[in-house]
Amino acid sequence: MSNGGLRIGELAARSARSVHTIRWYESQGLMPGVSRDAAGRRVYHPMHLGWLELMDRLRRTGMSIAEMREYTALVRQGRSSLRQRKELLEAHRARTEATIAQWRQALELIDGKIAFYDGWLATGEPPPLPLPSPSPLPSPHDGASTAAPAVTAKRPRAPRR
């Protein structure tokens with residue numbers, strides 16, 4: 001298509017996304033600036049390539065569809081919503097950073113388990129179990145109690161008959 005406009009098939013090919021995916025984004029109100037030609041066909045623009053990438057990354061990092069709609073609606077408002085857009089993305093970034101930190105902790109545990117099996121496979125004997133590292137205590141500022149849980153003695157089980 002001339003004058004920089006793209007048909008949906010061209011956008012799909014250039015963005016490595018399916019026509020179905022592009023239509024879904026549009027049906028969800030997540031594709032600003034889509035125009036129509038004289039015949040009523042959608043006309044996409046080169047900026048939609050970057051937009052699809054942004055929407056994909058926001059979704060992959062856990063942003064809800066509702067928040068993505070909110071962001072898209074703010075974009076449609078123009079310059080007057082710059083601060084709100086920035087704040088929305090900053091909040092999402094903070095949540096993403098927290099998720100990454102949790103995943104790093106999970107990876108450390110998985111790596112330790114892999115090392116445990118490496119040692120066992122190398123020697124033929126199970127290595128001593130490593131002591132678990134303590135979990136960080138919740139901050140008194142997050143509303144959680146920092147009091148240690150009460151320890152109760154467990155009753156011995158009666159033998160099965």
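Author: Gladly! Let us start with Asp56, which lies in helix H3. Please keep in mind that this is a predicted model.

Reader: Why is Asp56 called buried?

Author: Buried means under 20% relative accessible area. Asp56 has a value of 15%, so Asp56 is buried. Leaving aside neighbours within four places in sequence, Asp56 is in contact with Arg17 and Tyr25.

Reader: What makes His20 exposed rather than buried?

Author: The word exposed is kept for values over 50%. His20 has a relative accessible area of 62%, and therefore counts as exposed. His20 is found in helix H2. The C-alpha atom of His20 is 9.6 Å from that of Ile8, and the two residues are twelve apart along the chain.

Reader: And Trp120, why is that residue called partly exposed?

Author: The relative accessibility of Trp120 is 35%, so Trp120 is partly exposed. You will find Trp120 in helix H5, which covers residues 82-123. Apart from neighbours within four places in sequence, Trp120 touches Glu125, Pro126 and Pro127.

Reader: What is there to say about Ala16, and how do you know whether Ala16 is buried or exposed?

Author: Ala16 sits in the loop between H1 and H2. The relative accessibility of Ala16 is 70%, and exposed means over 50%, so Ala16 is exposed. The phi angle of Ala16 is near 60°, a positive value in a residue other than glycine.

Reader: Why are H1 and H2 called roughly perpendicular?

Author: Their axes cross at roughly 105° and come within 9 Å. Angles of 65 to 115 degrees count as roughly perpendicular, so the name applies to H1 and H2. Here H1 is residues 8-15 and H2 is residues 19-27.

Reader: Which residues of H1 and H2 meet?

Author: Ile8, Gly9, Leu11, Ala12 and Ser15 in H1 meet Val19, Ile22 and Arg23 in H2. By kind, the residues of this contact are five nonpolar, two polar and one charged.

Reader: What makes up the contact between H3 and H4?

Author: Helix H3 (residues 47-60) and helix H4 (residues 65-77) pack at an angle of about 145°, and their axes are 10 Å apart. On the H3 side, the contact is made by Trp51, Leu54, Met55, Leu58 and Arg59. On the H4 side are Ile65, Met68, Tyr71, Thr72 and Val75. These residues divide into eight nonpolar, one polar and one charged. The crossing of H3 and H4 is right-handed.

Reader: How is the whole chain laid out along the sequence?

Author: The pattern reads α-α-β-β-α-α-α, which comes to five helices and two strands. Of the 161 residues, 21% are buried. Among contacts between residues at least 6 apart in sequence, 43% join residues at least 24 apart.

Key. Residues are numbered from 1 along each chain as its sequence is written. This is a predicted model: local features need pLDDT of at least 70, side-chain atom pairs count only at pLDDT 80 or more; totals for chains, interfaces and linings use all residues. Side-chain values use heavy atoms; hydrogens and water are left out. Axes are lines fitted to C-alpha atoms, for helices over the stretch in contact, and angles run from 0 to 180 degrees between N-to-C directions. Helices (H or I, at least four residues) and strands (E, at least two) are DSSP runs, numbered from the N terminus. A crossing is left-handed if the near helix is turned anticlockwise from the far one by less than a right angle, and right-handed if clockwise. Contact means heavy atoms within 4.5 Å. Ala, Val, Leu, Ile, Met, Phe, Trp, Tyr, Cys and Pro count as nonpolar, Asp, Glu, Lys and Arg as charged, and the others, Gly among them, as polar. Angles under 35 degrees count as roughly parallel, over 145 as roughly antiparallel, 65 to 115 as roughly perpendicular and the rest as oblique. Buried means under 20% relative accessible area, exposed over 50%, partly exposed in between (1.4 Å probe, protein chains only).
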